Amino acid sequence: MVHFVGAGPGAPDLITLRGAALLKQADVIIYAGSLVNPALLELARADCEVHNSAEMTLEQVIGVMKQAEAAGKTTVRLHTGDPCVYGAIREQMDALDELGIPYDDVPGVSSFCGAAAALRAEYTLPGVSQSVILTRLAGRTPVPEAESLASMASHGASMAVFLSGGMLERVQEELLKGAYTEDTPAALVYKATWPEEKTVRCTVGTLAQAGEEHGIRKTALVLVGDFLDSRYERSKLYDPAFTTEFREASR
Ligand code: SAH
């Protein structure tokens with residue numbers, strides 16, 4: 001059996017209880033070494049076989065899983081954040097389906113949640129934005145034209161831009177083609193929840209400069225939107241004048 005497990009954004013105690021239990025039991029661990037905090041490997045059994053997928057191809061990863069399965073072993077495939085966001089898990093799952101190897105998926109805390117926590121921010125402020133766009137700039141992996149950063153930016157919604165820390169000038173340029181202005185609040189969050197976490201608040205107009213000044217390129221998220229500002233309307237859910245399924249309006 002193969003368990004895909006979300007490692008969380010970095011801090012080792014942000015993995016789920018289920019994910020940690022699977023790591024402790026695993027015979028084989030294949031972890032995404034470029035982003036997963038190696039401190040999580042301390043949970044592994046002393047005799048656990050550990051592979052770093054940063055140095056492997058898909059074929060090699062599947063090869064290790066296949067060998068482990070043939071020996072009746074349990075494999076944990078440890079991905080950063082939640083595996084369902086830029087985790088490249090689908091191609092692994094399809095290969096396992098072809099081989100008849102069973103698997104499941106244990107969610108994790110995605111880095112866009114870790115980044116919001118670092119900033120004590122809420123993406124979905126009433127009167128500001130009720131949507132979060134998770135996206136990236138096209139790089140060596142193309143992005144469908146209809147999802148270009150500029151067109152995503154046309155909504156003016158709350159946005160978390162992944163995998164683009166090294167291209168901040170282009171990020172800034174594309175964002176400005178949309179509904180954001182030079183003054184729209186933005187932030188860079190480097191290694192959210194890691195000990196070396198860094199947060200830099202800026203505006204869309206100063207994104208590239210902020211990245212340059214703080215030396216932020218990799219393992220960073222760009223957050224954009226007025227949710228980073230201080231203005232919003234209070235929630236209906238906790239408004240005394242609002243009746244809900246669980247509570248009568250008190251005034
Ligand atoms: N599955 C992961 C994303 C993997 S893609 C998740 O759910 O978070 C890798 C990108 O995620 C990085 O380029 C960076 O943009 C972002 N990222 C991952 N961990 C991060 C962290 N701790 N802090 C900031 N950004 C992070």
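The legends below describe close-up views of a predicted model with its ligand.

**View 1. The two domains of the chain.** The chain is divided into domain 1, covering 2–106, and domain 2, covering 111–228. Their C-alpha centres lie 28 Å apart. Across the boundary, 11 residues of domain 1 are in contact with 11 residues of domain 2.

**View 2. The ligand in the largest pocket.** The ligand takes up the space of the largest pocket. Both domains supply the shell around the ligand, with at least three residues drawn from each of domain 1 (2–106) and domain 2 (111–228).

**View 3. The shell of 18 residues around the ligand.** Val 85, Ser 110, Ser 111, Ala 192 and Ala 220 come nearest to the ligand. Sorted by class, the shell holds 11 nonpolar, 5 polar and 2 charged residues.

**View 4. Polar atoms of the protein facing oxygen and nitrogen atoms of the ligand.** In the side chain of Ser 111, an N or O atom is 2.7 Å from an oxygen atom of the ligand. For Ala 220 the backbone is involved: one of its N or O atoms lies 2.7 Å from an oxygen atom of the ligand. A polar backbone atom of Lys 191 is 3.4 Å from a nitrogen atom of the ligand. Taken alone, the ligand exposes 540 Å², and the protein buries 95% of that area. Ser 111 and Ala 220 are also among the residues that come nearest to the ligand.

How values were computed
Residues numbered from 1 in each chain as written. Predicted model: local features only at pLDDT ≥ 70, side-chain atom pairs only at ≥ 80, totals over all residues. Heavy atoms only, no water. Near = heavy atom within 4 Å. Polar contact = N/O pair within 3.5 Å; in protein donor to acceptor, adjacent residues only side chain to side chain. Areas by Shrake-Rupley, 256 points an atom, 1.4 Å probe, with all protein chains shown as cover. 1 Å grid on protein atoms, 1.4 Å probe; cavity = no way out; pocket = protein on both sides within 12 Å on 5 of 7 lines; lining within 4 Å. Sits in = over half its atoms within 2 Å of the grid points. Nonpolar A, V, L, I, M, F, W, Y, C, P; charged D, E, K, R; others polar. Domains from an automatic or database assignment. Contact = heavy atoms within 4.5 Å.
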